[in-house]
Amino acid sequence: MIRRRTFRGAHGARTTHRAHRARATLATLATLSLLAACTPPTRIDPPAAGTPAPTPAPTDLTAGQSEPVADPLYPDFGNADIDVLHYGLALAYDPESTVLDGTATLTVRAVTTISELRLDFADNLKVGEVTVDGTAVAVTQSGYDLSVLTGLPVGAQAVVEIGYSGVPEKAPAPTTREDFSGDGIGLRPEPNGSLWTMQEPYGAFTWYPVNDHPSDEALYDITVTVPEGWAGVANGSFAGETPSGGETTFAWHSADPVASYLTTLAVDRFEKLELSGPNGLPITAWVPPGQMRVFEDAIRKMPEHIAYIEERYGPYPFDSAGVVLVGGESAMETQEMITFSAALGALGQEVIESILVHELAHQWFGDAVTPVDWRGVWLNESMATYIEDMWNADQGYLTEREVVENWRDLDQALRDEAGAPGDYDARQFASSNVYVCTALMMYEIREVIGEARFTEMMRDWVQKQPNTHQDRASFTAWVNQYAGEDLTGLIDEWLDSPTTPR
């Protein structure tokens with residue numbers, strides 16, 4: 001996710017922006033980013049007759065196995081008792097009525113013996129028939145909870161099929177960031193019938209039943225059926241489109257596991273732009289009407305940006321890359337398909353490219369290697385910010401010294417605003433402290449062990465442990481191994497101190 005920008009301008013005056021600034025001055029830098037109880041049965045309305053047919057799961061679901069945990073900051077979301085191995089989402093959206101019809105087929109493993117299967121799901125999307133291994137079962141639905149009333153012994157797997165329908169609604173965000181506190185998180189239709197979502201730290205529950213926590217990654221197959229002339233875009237690799245009877249179905253496949261906050265869905269009258277990246281990597285861009293002129297030049301540089309990151313941190317970790325332009329005021333590193341606000345185009349080509357570099361860096365740092373829980377959001381944003389701002393320096397927009405000085409100038413104010421980055425205020429999710437303060441920490445580690453060793457260390461962080469979940473302890477052990485000395489104190493001070501370490 002991009003951060004809202006706070007920077008010192010050419011004359012030292014403090015200025016604030018909600019998005020990037022990338023110039024040939026210090027203006028490039030700054031501070032980037034962004035209920036669980038069983039309830040009595042409610043009336044369950046059947047979904048529309050046009051609910052799509054289920055999407056089958058692959059035969060081998062080994063890659064979708066996770067070890068879920070309860071989140072210490074946002075405990076109302078996620079369920080550590082279950083592990084979803086695969087989501088098959090068959091979706092149909094009507095831009096005129098803004099109704100979303102869905103059939104979600106979940107392959108679930110019981111981590112412990114359970115008496116009911118609890119998922120995160122917004123109750124404005126009404127559930128119809130639910131089956132477990134083909135047998136109809138009862139459910140309760142209230143607030144952001146859906147409980148499927150079936151028991152499973154520890155280690156057992158089941159296929160849960162859920163039909164639903166309704167008009168999607170966004171949810172409140174746990175932050176005061178201007179681009180999210182007012183706009184909310186999750187799926188929402190626009191007045192022109194288009195549809196889009198951004199959802200960190202949670203919000204996938206606004207469009208499908210989900211174990212909405214980063215520790216439970218799963219495989220995904222998604223189909224989106226829309227009227228002719230519209231396009232349905234999701235995370236994963238584009239698997240083709242099939243027209244039929246005035247509608248078109250767009251198919252998406254994720255061969256690597258995906259955290260729910262890294263999924264996306266967008267519907268618009270998109271124009272598709274196809275590119276080839278390093279080693280023939282397929283790249284697709286989905287651009288709404290009237291936006292191609294603004295974004296095409298920057299999008300066509302995506303292969304160059306991917307190559308820049310690959311040179312330092314190893315091969316791109318997935319089967320495809322892409323970007324879809326939507327509403328809102330931010331950008332999000334959704335896996336293999338970046339979700340990018342078209343409004344950011346007003347900030348100019350250099351800014352668009354800088355944001356793309358940030359979100360592409362997340363494909364390595366955050367998507368391929370994901371935090372165990374939301375205490376570790378800094379693991380994502382530290383390296384994405386470091387890579388982005390080092391890229392800005394390499395382009396000559398400012399010097400590396402200016403980058404680091406600006407980070408340091410901002411550090412104390414950001415700690416005052418939202419807490420230390422390793423123990424931030426949960427009501428201030430994705431504030432700039434988890435971006436800038438920890439990018440500066442990465443630079444300090446680099447200063448101790450040397451740039452070449454630092455780059456090798458972070459390249460191996462991704463290339464030697466892809467599709468894993470990591471936390472502060474594993475990162476600290478990793479650094480100590482490559483440093484050849486104990487840097488635990490340095491890391492702890494940068495993550496925990498209420499004041500800028502000196």
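A pocket, in the sense used for these views of a predicted model, is an open set of grid points where a 1.4 Å probe fits, with protein on both sides within 12 Å along at least five of seven lines.

**View 1. The largest pocket and its lining.** The largest pocket has a volume of about 170 Å³, and the residues that line this pocket are Y308, R312, Y313, Y386, I387, M390, D394, E400, R446, E451 and T455. Five of the lining residues are nonpolar, one is polar and five are charged. Helices α3, α5 and α8 each supply at least two lining residues, with α5 giving the most, namely four.

**View 2. Helix α3.** Spanning residues 302-313, helix α3 reaches 16 Å from its first C-alpha to its last, close to the 16 Å expected. Among its buried residues are Y308, I309 and Y313, and R312 lies over the face of Y308, at 3.7 Å from the ring centre. Just after the helix, G314 takes a positive phi of about 90°.

**View 3. The ring pair of Y144 and F205.** The two ring centres are 4.5 Å apart and the planes stand at 45°, so the pair of Y144 and F205 is tilted. Y144 sits in the loop between β8 and β9, whereas F205 sits in the loop between β12 and β13, 61 residues apart. With 24% relative accessibility Y144 counts as partly exposed, while F205, at 0%, counts as buried.

**View 4. The ring pair of Y386 and W407.** Here the centres lie 6.5 Å apart with the planes at 35°, so the pair of Y386 and W407 is also tilted. Because Y386 belongs to helix α5 and W407 to helix α6, the pair ties together parts 21 residues apart in sequence, and both residues are buried.

How values were computed
Residues numbered from 1 in each chain as written. Predicted model: local features only at pLDDT ≥ 70, side-chain atom pairs only at ≥ 80, totals over all residues. Heavy atoms only, no water. Expected span 1.5 Å × (residues − 1). Buried < 20%, exposed > 50% of the residue type's maximum accessible area, 1.4 Å probe, protein only. 1 Å grid on protein atoms, 1.4 Å probe; cavity = no way out; pocket = protein on both sides within 12 Å on 5 of 7 lines; lining within 4 Å. Points joined across faces, edges and corners; volume = space filled by probe spheres on them. Nonpolar A, V, L, I, M, F, W, Y, C, P; charged D, E, K, R; others polar. Phe/Tyr/Trp six-rings, centres within 6.5 Å; stacked < 30°, edge-to-face > 60°. Lys NZ or Arg CZ within 6 Å of the ring centre and 35° of its normal.
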